[in-house]
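Trainee: I would like to learn how to read a few features of a structure. Please take them one at a time.

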Amino acid sequence: MLDRLKELELSSKQLEPDKSQRKELWQSIEGYAENFLSKINTLKAYDYTQDKGIGIYDQPISEQPRNIESILQNLAYNVDRPGLNPASHGHLGYIPGGGIYTSALGDYLSDITNRYAGVFFASPGAVRMENMLIDWMGKAIGYKDGFAGNLSSGGSISNLIAISTARHAMGIKPKHYEKSVIYMSEHTHHCINKSLSITGLSEGIVRFISLDEKFRMNADELERTIAKDKEAGLRPWLVIASAGTTDMGAVDPIERIAVITKENKLWLHVDGAYGGLFTLCEEGKKILKGLSEADSIVIDPHKTLFLPYGLGTVLVKDKKHLIAANRYRANYMQDIVKSEDELSPADLSPELSKPFRGLRLWLPLMIHGAKPFRDGMEEKILLARYFYEEVQKIAGIEVGPYPDLSVAAFRYVPKEDNADEFNQKLVDEIQRDGRVFLSSTKINDKFTLRIAVLSFRTHLRTIDLTLDILKEKILQLERSE
Ligand SMILES: *Cc1c(COP(=O)(O)O)cnc(C)c1O
């Protein structure tokens with residue numbers, strides 16, 4: 001057995017490169033990153049390729065090591081070329097993510113030290129750091145003391161945590177599902193539907209409140225519908241509002257909705273995955289009034305704080321509800337959970353083992369300070385407004401409502417052809433061109449294009465480029481008809 005152990009040790013020790021091996025690896029990896037960053041302004045936002053990265057299969061997982069340069073070539077060609085480039089300044093589709101460099105450095109360090117930030121006992125400093133960030137974000141949306149939150153993988157999981165917390169707090173048990181009523185709007189993000197399905201709440205009644213002409217939830221209709229449902233002996237309990245819808249960036253009238261939920265003793269959840277953090281800048285704060293009235297809210301630092309994918313946040317106004325819905329005790333945890341100095345993330349979410357996510361937000365905030373983040377947010381709002389004004393100068397363009405935040409919708413109405421078909425072709429052409437990436441949606445059954453300005457690399461020149469590309473492609477398509 002000792003011989004075998006020696007043999008195994010020799011082999012398994014390859015997982016611990018020595019100093020000179022680390023240096024070599026690091027140079028290759030850093031070289032790759034630098035090459036990517038040095039080209040980032042000219043790389044396509046969308047690269048349409050025939051192969052679609054299929055070459056990744058040509059290097060199957062084998063027992064033998066491979067050379068780092070050939071590995072990185074494979075990565076560059078098959079992964080970092082085809083499809084959407086979320087790191088590009090030209091990514092104006094869906095809701096763009098970020099990818100700031102200093103956050104990547106935070107990820108690097110948190111992966112090296114691998115602190116376990118789930119439980120205070122295990123890494124008190126890491127847990128304090130995460131709690132400090134939650135406190136900072138909670139205060140930014142206007143919460144006073146007494147709230148709690150959790151750093152999750154993203155908005156979808158954060159919404160799930162919020163909804164299961166709301167269910168627990170409101171005492172909704174499966175036997176109540178049949179008569180329980182949840183209210184949301186036609187533009188509520190589809191991850192909410194997933195959450196309702198996972199929690200079983202989709203077995204209850206879900207009402208889709210219609211939108212007003214600015215694509216915000218119609219609060220009068222909400223109020224009327226709740227009253228009617230109560231009269232009919234049903235049990236309204238949850239309203240899900242959006243602080244920035246994915247389709248239109250529209251902010252529901254949160255202040256007004258909060259009055260309705262208070263009067264009727266319902267839980268108000270706000271999905272602010274896209275827009276909630278805009279409260280960090282003055283322009284955003286004006287639009288997001290009433291956010292702090294929400295019983296729970298979701299915000300996504302990997303969207304609005306420009307971080308690389310992998311960080312969402314759920315905040316619950318009264319921490320006791322978040323704790324009650326998530327805390328369990330297992331015998332094998334008895335050493336770990338004895339300390340109660342700080343709330344532990346593992347008590348506030350379904351996760352146990354988790355990455356130390358705090359560092360990827362803390363490090364950038366420490367290095368840059370908060371100001372460039374606030375200014376970046378205001379810049380994105382102003383860029384969307386600028387686009388909205390300028391795009392109307394293109395003959396034939398029809399716009400949606402004035403942007404609440406940083407999403408603007410528009411379409412081209414051709415002189416003769418079918419507008420839906422034309423706009424489908426237009427978005428296809430823009431995607432094939434690839435310098436910028438726009439996505440489309442259906443608004444009132446009309447095929448509609450939209451830009452979402454949220455990448456930290458998107459500045460004025462990107463918007464001007466987008467306007468030029470639009471003019472060019474419209475002209476081309478009109479000529480070819
Ligand atoms: C992006 C988004 C989500 C989903 O968040 P993920 O971080 O992608 O899981 C939910 N709601 C809204 C409004 C969003 O924009």
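Trainee: Which share of the contacts between residues at least 6 apart in sequence join residues at least 24 apart?

Mentor: A contact means heavy atoms within 4.5 Å. In the protein chain, 74% of the contacts between residues at least 6 apart join residues at least 24 apart. This is a predicted model, in which local features need pLDDT of at least 70 and side-chain atom pairs count only at pLDDT 80 or more, while totals for chains, interfaces and linings use all residues. Residues are numbered from 1 along each chain as its sequence is written, and side-chain values use heavy atoms, with hydrogens and water left out.

Trainee: How many helices and strands are there in the protein chain?

Mentor: Helices (H or I, at least four residues) and strands (E, at least two) are DSSP runs, numbered from the N terminus. The protein chain has 17 helices and 13 strands.

Trainee: How many salt bridges does a search of the whole structure find?

Mentor: Side chains of opposite charge can pair when their charged atoms come close. A salt bridge is a side-chain nitrogen of Lys or Arg within 4 Å of a carboxyl oxygen of Asp or Glu. The search finds 29 of them. One joins E342 and R128, with the closest N and O atoms 3.1 Å apart. That pair links distant parts of the chain, 214 residues apart: R128 lies in helix 5 (residues 124-140), and E342 in the loop between helix 13 (319-326) and helix 14 (358-368).

Trainee: Where does the salt bridge of R216 with D404 sit in the chain?

Mentor: The closest N and O atoms of R216 and D404 are 2.6 Å apart. R216 is in the loop between strand 5 (205-209) and helix 9 (219-231), and D404 is in the loop between strand 10 (397-399) and strand 11 (407-412), 188 residues away.

Trainee: Is D404 buried or exposed?

Mentor: Buried means under 20% relative accessible area, exposed over 50%, and partly exposed in between (1.4 Å probe, protein chains only). D404 has 9%, so D404 is buried.

Trainee: What about the salt bridge of E293 with K262?

Mentor: Here the closest N and O atoms are 2.3 Å apart. E293 falls in the loop between helix 11 (282-287) and strand 8 (296-299), and K262 in helix 10 (residues 254-263). K262 is exposed at 53%, whereas E293 is partly exposed at 31%.

Trainee: Which residues do salt bridges with shared partners join into one network?

Mentor: They are D433, R435, E472 and K473.
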